[in-house]
Amino acid sequence: MNLPPRAPSEIEVVAHRGVSAEAPEHTLAAYQQALALGADAVECDVRMTRDGVLVCVHDRRINRTSTGRGVVSALDLAELERHRVVHRRPRGAGVRGRPSRPAVTEDDVEADEDAGRVLTLDRLLDYVTASPGRVRLAIETKHPTRHAGQVEAALLTSLRRFGLLSGGRPLEWSGGPAVRVMSFSPTALRRVRTLAPDLPTVHLVRQMVPRSRSRSRPALPAGTAIGPSLAMLRHDPGLVRRLHRAGLQVHVWVVNHPRDMHVAVSLGVDAIITDEAAALMHLLGRGGPRPLRSTG
């Protein structure tokens, strides 16, 4: 199936880790701002704690995003909750003219007002499903991990418990699936497709896409969409056209500078993952309510 390029009005705005430019990433405050802003979707990363709880944390360790130290998979939820979540932009996510924050200290904390604790996936799902249809979810499972396939199994269990997945098919919100699963791990995506065949998946990639011998279809594993890095599109703008020709949606990450937003929009990508959701929506002519400011 040959997919047409997306018109600017149809491009999905995905708030990366919530509105992480304004509130601590992966906190309820960041996701509340995404809903207030009117983003189409929110992105979150999930990892499993030692006691089997899925939490919204990007890094393998909690050092960068909290006042504590340690590896997520080696800590129980109760141990994680002893530390405060802090506001620090992701590595490499600084917009030109807005430098990344310095190293976190106890005196440089903008805490999640919701108890300042790590956000569990269930708390996020509870919040999102309380306002059904307002925002879709793009959930990335992080690998490698000692828990391996338990992560995807637990994720699908949570999605079913909150009514977002039924019989392997996701709930439909605002004209599209309410949830999709992303990963850099093709093995993780194959697990998802086996357990929930109709759940959309996004294969995230960092390097140039290899082609098959026919040179017409990218030689990529299972996935209904491909998530190339911004660097890949800069290097090879024709990649979007080739992926669309192969019937694959294109979800580009992480696009923060206005110049790069213009490039992604002009290429007709299907979704743009960004820390600067307000700026992207303004560029697309979809300005809504001003995002709430963190009060930490």
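My entries follow, one topic at a time.

**Ground rules**

This is a predicted model, so I keep in mind that local features need pLDDT of at least 70 and side-chain atom pairs count only at pLDDT 80 or more, while totals for chains, interfaces and linings use all residues. Residues are numbered from 1 along each chain as its sequence is written, and side-chain values use heavy atoms, with hydrogens and water left out.

**Salt bridges**

How many salt bridges are there? I get a count of 17, taking a salt bridge as a side-chain nitrogen of Lys or Arg within 4 Å of a carboxyl oxygen of Asp or Glu.

I looked up R64 and found that it pairs with E25, with 3.1 Å between the closest N and O atoms. R64 sits in the loop between strand 3 (54-56) and helix 2 (77-80), and E25 in the loop between strand 1 (12-16) and helix 1 (28-37), so this pair ties together parts 39 residues apart in sequence. My helices (H or I, at least four residues) and strands (E, at least two) are DSSP runs, numbered from the N terminus.

Are the two partners buried or exposed? I call a residue buried under 20% relative accessible area, exposed over 50% and partly exposed in between (1.4 Å probe, protein chains only). R64 is buried because its relative accessibility is 4%, and E25 is buried with a relative accessible area of 4%.

Next I checked D122, which forms a salt bridge with R161, the closest N and O atoms being 2.6 Å apart. This pair links distant parts of the chain: D122 is in helix 3 (residues 121-129) and R161 in helix 4, 39 residues apart. D122 counts as partly exposed, at 28% relative accessibility.

Then I found R191 and E152, whose side chains meet in a salt bridge at 2.9 Å, N to O. Here R191 belongs to helix 5 (residues 186-195) and E152 to helix 4, and they are 39 residues apart. R191 is partly exposed with a relative accessible area of 25%, whereas E152 is buried at 0%. I also noted a network: salt bridges that share partners join R17, E25, D45, D59 and R64.

**Positive patch**

Which residues form a positive surface patch? I wrote down R60, R61, R69 and R146. Patch residues have over 30% relative accessible area and no salt bridge; like charges are joined within 9 Å, and nonpolar side chains (Val, Leu, Ile, Met, Phe, Trp, Tyr) within 5 Å. Lys and Arg count as positive and Asp and Glu as negative, with His and the chain ends not counted. The place of a charge is NZ of Lys, CZ of Arg, CG of Asp or CD of Glu. Areas come from the Shrake-Rupley method with a 1.4 Å probe, and for residues only the protein chains shown count as cover.

I zoomed in on R146, which lies in the loop between strand 4 (136-141) and helix 4 (150-161). R146 is exposed, with a relative accessible area of 59%.

**Cysteines**

I looked for disulfides (a pair of cysteine sulfur atoms within 2.5 Å) and the structure holds 0.

A reminder to myself: most residues other than glycine have a negative phi. R17 is not a glycine, yet its phi is positive, about 60°. R17 is placed in the loop between strand 1 and helix 1, and it counts as buried at 5% relative accessibility. H26, also not a glycine, has a positive phi of about 60°. H26 lies in the loop between strand 1 and helix 1 and is buried, with a relative accessible area of 4%.

I clicked on V250 and found it in strand 12 (residues 249-252), buried at 0% relative accessible area. V250 and L239 are 11 residues apart along the chain, and their C-alpha atoms are separated by 9.2 Å.

Last, M232 is in helix 6 (residues 230-235) and is buried, with a relative accessible area of 2%. M232 and V205 are 27 residues apart in sequence and 8.8 Å apart in space, C-alpha to C-alpha.
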